[in-house]
Amino acid sequence: MSMETVRPEWLPADADAERPSIARMYDFFLGGTRHMEVDREVARAAVAAAPGIKLLIWQNRKFLKRVARYAVELGIDQYLDLGSGIPARGNLHSAVQAVNPQARVVYLDIDPVAVARGEELLAGNEYAVALRGDITAPETILAEPKVRGLLDFDRPVALLLLNVLHFLPFDSVEPAVARLRDALAPGSLLAISHGTADLGGDDPTGITNVYAGAFGHMAMRTYDQVAALFGDFDLVTPGIVDLPDWRGEPSGIGSQIGPVNCYAGAAIKR
Ligand SMILES: C[S@@+](CC[C@H](N)C(=O)[O-])C[C@H]1O[C@@H](n2cnc3c(N)ncnc32)[C@H](O)[C@@H]1O
């Protein structure tokens, strides 16, 4: 039996071992252990098309930490991380619960491996859960009893949509994000990172073709299209910028490494 036909013991019964998974590819990029050859093949094609992808991914994880810190400083103690991925290093709940052990965190992902690994990691943590769900079905997410059980939507929530919306069918994104924005109370924070062709790093055509070929669709957004996802929320300084530049390190790492072709921003509901 070849390695490819062996189902790893960590692969849940409802996970597809024959097709690549965005979540497992991401885990591979982050040096995790929940990926298979079918994922690594597409990941290698992605790196060949856009050598800067690993930098983008690591910068995105740093953005997650900076957003978490910012939300904590705002006094937010409830977090909804959609398309959260397979937990690897630097998880959201570790960051926010280190400050407030009772901070609530809901992770949600469409991928069964992300949910299974999340459940494993969160066993015994009564303030954090990992759930399966689909961002393009926001009504189902908002009605989910485990979401409602943990998060109080009458109080501010930090809603994170990081490095995920460009993987969804283009036309499904705006209505889904608008519905999620509507559900949030004033004082809530919406954080988004989203691939773009605006910034002039690696040519985005190649990477778009690799993901679209493997998963059916991938779509970059322009500045205005990303800005539209924040609706009438107030963007916080520095606005929508290339990932490393969003409240980046004092060393000005963003200007040193060049564009990573991913917009990042956060905005507060009035
Ligand atoms: C590139 S990873 C990003 C993980 C994490 N948000 C981060 O920024 O580090 C994208 C994740 O979105 C998930 N995803 C893709 N489509 C989704 C959908 N329709 N609903 C929920 N999650 C989805 C994938 O399974 C994957 O885990």
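In which loop does P238 lie? P238 lies in the loop between β6 (234-235) and β7 (241-242), where helices (H or I, at least four residues) and strands (E, at least two) are DSSP runs, numbered from the N terminus. The peptide bond leading from T237 into P238 is cis, with omega near 15°.

The model is predicted, so that local features need pLDDT of at least 70 and side-chain atom pairs count only at pLDDT 80 or more, while totals for chains, interfaces and linings use all residues. Residues are numbered from 1 along each chain as its sequence is written, and side-chain values use heavy atoms, with hydrogens and water left out.

The protein holds 11 helices and 8 strands. Its radius of gyration is 18 Å, close to the 18 Å that the globule rule gives for 270 residues, so the protein is as compact as a globular protein of that length; the radius is taken over C-alpha atoms, and the rule is 2.2 Å times the number of residues to the power 0.38. Of the 270 residues, 51% are buried, where buried means under 20% relative accessible area, exposed over 50%, and partly exposed in between (1.4 Å probe, protein chains only).
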